[in-house]
Each structure stands twice: as structure tokens, then as C-alpha cells.
Amino acid sequence: MTTRTLRIAMNGITGRMGYRQHLVRSILPIRDAGGFTLEDGTKVQVEPILIGRNEAKIKELAELHGVEHWTTDLDAAINDPSVDIIFDASMTSLRAATLKKAMAAGKHIYTEKPTAETLAEAIELAQIARDTGVTAGVVHDKLYLPGLVKLRRLVDEGFFGRILSLRGEFGYWVFEGEVQEAQRPSWNYRKEDGGGMTTDMFCHWNYVLEGIIGTVKSVNANTVTHIPTRWDERGAEYQATADDAAYGIFELETPGGDQVVAQINSSWAVRVYRDELVEFQIDGTHGSAVAGLRNCVAQQRAHTPKPVWNPDLPVTEPFRDQWLEVPANADLDNGFKAQWEEFLRDVVAGREHRFGLLSAARGVQLAELGLQSSAERRTIDIPAITL
Ligand SMILES: NC(=O)c1ccc[n+]([C@@H]2O[C@H](COP(=O)([O-])OP(=O)(O)OC[C@H]3O[C@@H](n4cnc5c(N)ncnc54)[C@H](O)[C@@H]3O)[C@@H](O)[C@H]2O)c1
């Protein structure tokens, strides 16, 4: 049996996403399982190389997880001929420069979203991937979540009939940091550092909407900074210059040509009265479903109650009890790990990954046009991107 070992240089690994989702929940479990096996019997193993600015911290992480290789020199890793893949989960504003250098050096890349701060830069990245022929993958984790996998399956099975609308509710209270420490990094709330709800989440919503329903044709957003003052990691007060909430309406078109209205509220200044931190509801002529990260419930037309509006009477229907759990019918792994494995298979096969830099550019475009829509207080049509 032959073994192919992929050396993956991982940048931004001390951050929340880089550490928890990519290192601890994806790459290390793949390594510790001895890699995975391709259809032709080839074994694929991974060898991470940790990259960080703080030598003591990166060394400690490497020792903690039994990782042999680490460095503080990102450029050296990019130019090391033995490195196959450059992974980036560093802060957003640094990303495009790293990815450009990596692809120019002939490396395959795997990256967190958003890929760039501007559409022009995101498109340039997609062009470089096309021209260099490297395999480029961008995290589209939400589509691999059990709840959304089930929702997509309902679409594929024609459960909804004609899809009419989607509504999404995302968010939770992010503490200001004055009395209780904030649970998200402070750069998220500074526009000049690449922060902001719209920039962060609209790139997710673009691939979620595309991946489950269809193409996003227009956006109308109202983006707001509800909390203008926050306290950073060192306890210092700062001005929140980025939006912490975005209320968006999107017009979609299904592959069959149906028009669908999607509304998604995203907020870091909302308290949760939901079952999960994000929930999407799809309503169609034949049925409806509500999916969170893990669970999905559905109600078909024949089981739809017929409420009559009468504020003088107490509620007569146990509405929540009238939905049925949608089963997984498969062993759904951690979404980040599942996408990593799919990407690594594509690298070995020398083919494109299905969620690449062009899809990511459409996400950056939706964020950019969402912000513009809010600033200009109007609906904006979304032009198709051609490379
Ligand atoms: N897929 C998802 O669901 C998801 C969720 C959250 C964040 N993200 C994305 O992941 C990325 C990281 O977000 P995070 O929440 O982990 O942030 P974080 O602040 O926790 O981590 C950022 C990383 O970048 C490094 N870094 C910060 N400033 C740097 C500098 N000047 N030079 C070099 N390195 C620097 C930090 O050391 C850390 O390793 C962002 O692009 C964000 O948009 C994705």
C-alpha cells in the first residue's frame, strides 16, 4: 500500500477558528486516525506545520499536540518546496496577501472566509487560482452541518413543492468586554481591521443560499452598529467602528427559475430565544422545515394546522409539537473535518474543489453590495462574476 503524506503549513492556528476547528477538530483527528484511504487503496496522511508570530506560544501548542514542525516564518513556509498546502485562518485583513504569495509559489491553498476585504481582490485571487492551476478550497462549513445537510436533502427530495421563502435568524449577545470579557476578538468590531457582521456573515449566507436554494439576485440590507463602545482583550475601551448587526432581504432564483424571498437577521446584540444559534426556515407550497446547526424539523401540507386569528382566546394549537424530526440517515462528521477531507482528496486527485475562490468571491460581493445597499438605502441587483 502506498502512503502519500501532505505537508500542510497552518497559519493563524492560535486563533479561535484555526485552533479549535481546523487543528484540533480536523487535521489532528485525521492525523491521529492514520490518515484516510482513497478508492484505489492509497493512504493519505497529513503532517501539519504550525505557523505563528509568538515563538513561545506556537512551540507550546506544537508540544501539546505532538506536532513536530512549527515556525514563526510564514514566507519561509510558503517557499519551502516540501510544503504542499498553505492554510490560512489568520485575521481577514491579512488573508489576500498570504494567499497570493502561496499560489504564486505553486502551493495549494485552503482558507477561512472571507477570502478578501474587497471584491476586486477576491476576484484577483480566483483568477490566480485558475492561472496557476492549484487546488483552492474555501471553508463553506455551514453546508456540511447536519442541520443544513438535512435541509438540502428535503429540497432534493422535492419535499417543499414550490419554495416560497427562507427566513434565517443568526446571533447571540456578545459581551461588551467591560465587566464580562467579550467572547469574540475585538478586531471583529473594528472596520479598519476587517471586522463587521456583514463582512463576516454575508459570505456564509451567500453559499448557504446558493447551496440550498439558488442564486442570489439582489440584496437589500440595513446594517447597524448597535453597541458603539466596547472593551478589548486588554480591557481598553475602543470605538466599535464596524456594524454589529445586519438585517438583509435577498431575492433568489432556483435552478428551475422560481423566485424565492430570503430574509436573514444577523446580530451580535440579540438574546437567544431559539433552539440553536442559527436557524433557517423554508416555507413551500407542500411543506416547511426549520433547520439549525444539528437538527431539522419538518411539517408537510397534510399536517398543517389551520389557525384562526383571535387575540381574545388563548393559543389553541401546540404549534411546536406539530413538527417531525428529520433523521440524519448517515454518519455526519464534524463539518470542518468533512470539508478538509474532501479538499485533501481533491488535492491528491489534482482536481478543483467544489467550493473554491470564485464561490468565495460571490460571498465577498454579497457583503460589499450589502454594505452599499445599507449606505444608499436601496435594493441592489447582483451582477454575475466572470473571471
Ligand atoms: N468559518 C467560520 O464559521 C468562521 C467563524 C469565525 C471566524 N472565521 C474567520 O476566521 C478568521 C479568524 O477568525 P478568528 O475568530 O479565529 O480570529 P482570532 O482573532 O481568534 O484569530 C486570528 C489569528 O490571526 C493571528 N493574527 C492576528 N493579528 C495578526 C497579525 N497582525 N499578524 C499575523 N497574525 C495575526 C492571531 O494570532 C490568530 O492566530 C477570520 O478571517 C474570520 O472571518 C470563520
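Analyst: Helices (H or I, at least four residues) and strands (E, at least two) are DSSP runs, numbered from the N terminus. This is a predicted model, in which local features need pLDDT of at least 70 and side-chain atom pairs count only at pLDDT 80 or more, while totals for chains, interfaces and linings use all residues. Residues are numbered from 1 along each chain as its sequence is written, and side-chain values use heavy atoms, with hydrogens and water left out.

User: Which strands each supply at least two residues of the lining of the second largest pocket?

Analyst: Rolling a probe the size of a water molecule over the atoms shows where empty space is left. On a 1 Å grid over the protein atoms alone, a pocket is an open set of points with protein on both sides within 12 Å along at least five of seven lines, whereas a cavity is a set where a 1.4 Å probe fits but cannot get out; lining residues have an atom within 4 Å of a point. Grid points are joined across faces, edges and corners, and a volume is the space filled by probe spheres set on the points. Here the second largest pocket has a volume of about 600 Å³. Its lining has 26 residues, and Asp-275, Glu-279, Gln-281, Val-290 and Arg-320 are the closest to its centre. Strands E8 (163-171), E13 (259-267), E14 (278-284), E15 (287-291) and E16 (296-300) each supply at least two lining residues.

User: How many residues of each class are in that pocket lining?

Analyst: Ala, Val, Leu, Ile, Met, Phe, Trp, Tyr, Cys and Pro count as nonpolar, Asp, Glu, Lys and Arg as charged, and the others, Gly among them, as polar. The lining of the second largest pocket has 10 nonpolar, eight polar and eight charged residues.

User: What lines the largest cavity?

Analyst: The count comes to one cavity of 30 Å³ or more, and the largest cavity holds about 60 Å³ of space. Its lining includes Lys-113, Pro-114, Cys-203 and Ser-359. Helices H7 (197-212) and H9 (357-376) each supply at least two of the lining residues. By class, six residues of this lining are nonpolar, four polar and one charged. The peptide bond from Lys-113 to Pro-114 is cis, with omega near -20°, and Pro-114 lies in the loop between strand E6 (108-111) and helix H5 (119-132).

User: Where does the ligand lie relative to the domains?

Analyst: Domain bounds come from an automatic or database domain assignment. Domain 1 (3-141 + 335-354) and domain 2 (143-331 + 366-376) both give residues to the shell around the ligand, so the ligand lies between them. A residue is near a molecule if one of its heavy atoms lies within 4 Å of it. Of the 23 residues around the ligand, Thr-14, Arg-16, Met-17, Thr-92 and Trp-187 come nearest. The largest share of the shell, three residues, comes from helix H4 (92-104).

User: Which polar side-chain atom lies 2.8 Å from an oxygen atom of the ligand?

Analyst: A polar contact is a pair of N or O atoms within 3.5 Å. A polar side-chain atom of Trp-187 lies 2.8 Å from a ligand oxygen atom. A backbone N or O atom of Arg-16 is 2.9 Å from an oxygen atom of the ligand.

Technical notes
Polar contact = N/O pair within 3.5 Å; in protein donor to acceptor, adjacent residues only side chain to side chain.
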